[in-house]
Amino acid sequence: MQRLCGSFSITNLENVANFGEAKAALLDNKKYLNKLELQWDNHENVDARRNEEVLAGLKPHRGLRELEIKNYGGLMFPSWLSDPSFHKLERIDIQKSQNCISLPAFGQLPVLKSLYIDGMRGLECIDSHFCGLGQPLSNASIIADEGLPTSLQNLIIMECDLLSVRCHVEEGEDWNKIKFIHNVEIDGYSSCIDRYMVV
């Protein structure tokens with residue numbers, strides 16, 4: 001199993017009991033994996049603490065290029081998700097993480113090109129951690145001028161009320177801070193540099 005390569009998907013993660021069981025998968029030793037998908041079943045009575053332990057134990061190898069997380073039920077993401085040592089991580093896709101109250105420090109990922117966030121309605125605050133900064137941002141502002149990596153080319157936000165309002169194409173208070181990104185899509189409104197259209 002150590003020589004697994006290409007894409008790998010792990011589903012039904014609600015059946016993993018704790019950090020130890022997750023760590024036993026030894027994902028951090030599988031250096032030939034390019035893409036990893038981690039998925040919980042969408043079900044009620046989610047054990048947020050156990051979800052957090054399991055995701056923490058599923059830390060992949062630092063050579064990973066793409067990561068998808070679906071139906072995660074934790075309140076917080078583990079620190080490895082924004083570790084700058086993931087120097088090849090280009091694409092992150094987070095879907096239906098309804099309980100999460102904050103986002104990882106994506107600004108610390110040096111070559112991140114595509115970020116897709118869908119269905120994070122539990123988001124309570126977005127602060128300097130989102131941009132990978134140590135100091136607080138001025139004025140519930142969610143994105144510092146230099147916060148997101150300049151490598152970012154695609155930013156897609158769906159069903160995340162707090163982000164949608166602040167980053168809305170052409171109108172949001174933080175739009176000027178993300179308009180350098182080649183393609184921004186917020187709840188169906190898309191902008192490709194000079195284009196603005198409904199998709």
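Analyst: Contact means heavy atoms within 4.5 Å. Leaving aside neighbours within four places in sequence, Phe77 is in contact with Leu55, Ile69, Tyr72, Ile94, Ser97, Cys100, Ser102, Pro104 and Met120. The model is predicted: local features need pLDDT of at least 70, side-chain atom pairs count only at pLDDT 80 or more, and totals for chains, interfaces and linings use all residues. Numbering starts from 1 along each chain as its sequence is written, and side-chain values use heavy atoms, leaving out hydrogens and water.

User: How many helices and strands are there in the protein?

Analyst: There are four helices and nine strands, where helices (H or I, at least four residues) and strands (E, at least two) are DSSP runs numbered from the N terminus. Read from the N terminus, the order is β-α-β-α-β-β-β-α-β-α-β-β-β.

User: What makes Ser114 count as buried?

Analyst: Its relative accessibility is 15%, and buried means under 20% (exposed is over 50%, partly exposed in between, with a 1.4 Å probe and protein chains only). Ser114 therefore counts as buried. Ser114 belongs to strand E5, residues 114-118. Not counting residues up to four places away in sequence, Ser114 touches Glu90, Arg91, Ile92, Leu152 and Asn154. Over the whole protein, 47% of the 199 residues are buried.

User: Which residues touch the most other members of the largest nonpolar core?

Analyst: Leu38, Leu67, Phe77 and Met120 do, in a core of 45 residues. Strand E2 (33-39), helix H2 (48-57), strand E3 (66-70), strand E4 (91-95), E5, strand E6 (154-158), helix H4 (161-167) and strand E7 (183-186) each give two or more residues to this core. E2 supplies the largest share, three residues. What qualifies a residue is being a buried Ala, Val, Leu, Ile, Met, Phe, Trp, Tyr or Cys joined to the set through side-chain atoms within 4.5 Å.

User: How do you know that Arg49 and Glu53 meet in a salt bridge?

Analyst: Their N to O distance is 3.7 Å, and a salt bridge needs a side-chain nitrogen of Lys or Arg within 4 Å of a carboxyl oxygen of Asp or Glu. The pair therefore qualifies. Arg49 and Glu53 are four residues apart in helix H2, which means about one helical turn separates them. Arg49, at 56% relative accessibility, is exposed, whereas Glu53, at 27%, is partly exposed.

User: What makes Arg65 and Glu90 a pair that ties together parts apart in sequence?

Analyst: Arg65 and Glu90 meet in a salt bridge at 3.7 Å, N to O. Arg65 is in the loop between H2 and E3 and Glu90 in the loop between E3 and E4, so the pair joins parts 25 residues apart in sequence. With relative accessible areas of 34% for Arg65 and 26% for Glu90, each counts as partly exposed.

User: Which side chain meets Lys113 in a salt bridge?

Analyst: That of Glu90, at 4.0 Å, N to O. This pair links distant parts of the chain, 23 residues apart: Lys113 lies in the loop between E4 and E5, Glu90 in the loop between E3 and E4. Lys113 has 33% relative accessibility and is therefore partly exposed.

User: How many salt bridges does the structure hold?

Analyst: The structure holds 18. One network of salt bridges links Lys35, Glu37, Glu66, Glu68, Lys70, Arg91 and Asp93.
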